[in-house]
Amino acid sequence: MKVRVLGCSGAIARDCRTTSFLVNHNILIDAGTGVGDLTLEEMRQIDHVFLTHSHLDHIAALPLMLDAVSSLRSQSVQVHAMAATIAALQAHVFNNIVWPDFSCVPSAQSPFLRYVPLAAGETVTAGGLVVRVLPAVHSVPAVGYALRGQHGWWAFSGDTERNPALWSALEQLAEAPPQLPVAALVIETAFSNRESDLARRSQHLSPTTLAAELALRAPTASYPIYITHTKPSETELILQEINQLELAGDVAIGWLQVGQVFDV
């Protein structure tokens, strides 16, 4: 399984693209502005989109991508999301005001998109891959995802604040048949410590709360951690503050970059 980082920024600016990951050739995890770097042919091959939540930086490219490729496809794109996220898309995006309702265009029998509800704790199969829905704690209903590759699980926290349930869920992944380890965890840290109050109110992590979360990892955990979703105006400070953290155990922390590919 290959996971390609299309976008990993918490906002837009030159060379900053918001959250999206291309898995193999046919699955998107979130649909932020990074999707715009795909070719028309690459977008045409996407059969499944898994959304973590309804915020614009995670869905912005979805209506535009569907518009670009739907005439080139014979099958609906399946949009997997929590019921609350689907309701938000229907009410505020695909509402025939902001954008056409692609769940009934060109017809209800053969639409450009089909919604597939899911919930935290579920395991689904899509595009030939097993996907576990992870819990998240955010200002709107939200989840993360873990995808099972040949050598282990690639996990993504989604947007989340303090979230003890995430670490229990990651332990359960390693225990489930075929007992593959977590190969990598991508976790958000949107704000610096100087913006810790804003981080708390908007339910994002800052370096201090990230450290508290990492302390909840299982003692035997050895997978690397990759930081995502930093605000462009604060990225350098966030990285400095993370580098200064005193973390228990052997924790390898890296920073996600557009174009990075995980081979799991």
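Me: How many aromatic pairs does a search of the whole structure find?
Reply: This is a predicted model, where local features need pLDDT of at least 70, side-chain atom pairs count only at pLDDT 80 or more, and totals for chains, interfaces and linings use all residues. Residues are numbered from 1 along each chain as its sequence is written, and side-chain values use heavy atoms, with hydrogens and water left out. Rings of Phe, Tyr and Trp (its six-membered ring) pair if their centres lie within 6.5 Å; planes under 30 degrees apart count as stacked, over 60 as edge-to-face and the rest as tilted. On that basis, the search of the whole structure turns up eight aromatic pairs.

Me: What kind of aromatic pair do Phe-94 and Phe-102 form?
Reply: Buried means under 20% relative accessible area, exposed over 50%, partly exposed in between (1.4 Å probe, protein chains only). Phe-94 is buried at 2%, and Phe-102 is buried at 3%. Their ring centres are 6.0 Å apart with 35° between the planes, so the pair of Phe-94 and Phe-102 is tilted.

Me: Which ring does the charged end of Arg-217 sit over?
Reply: A charge sits over a ring if NZ of Lys or CZ of Arg is within 6 Å of the ring centre and within 35 degrees of the ring normal. For Arg-217 the distance to the ring centre is 4.9 Å, and the ring belongs to Tyr-223.

Me: Which strands stand at the edges of the seven-stranded open sheet?
Reply: Helices (H or I, at least four residues) and strands (E, at least two) are DSSP runs, numbered from the N terminus, and two strands pair if DSSP finds at least two bridges between them. The sheet is mixed and runs in the order S6-S5-S4-S3-S2-S1-S14. Two of its strands each have a single partner strand, so one side of each is left without a neighbour in the sheet: S6 (113-118) and S14 (261-263).

Me: Why do the buried residues of helix H8 line one face?
Reply: In H8 (residues 235-243) the buried residues are Ile-238, Glu-241 and Ile-242. Down the axis of H8, they line one face because they fall within an arc (taken from the directions from the helix axis to the C-beta atoms) of 100°.
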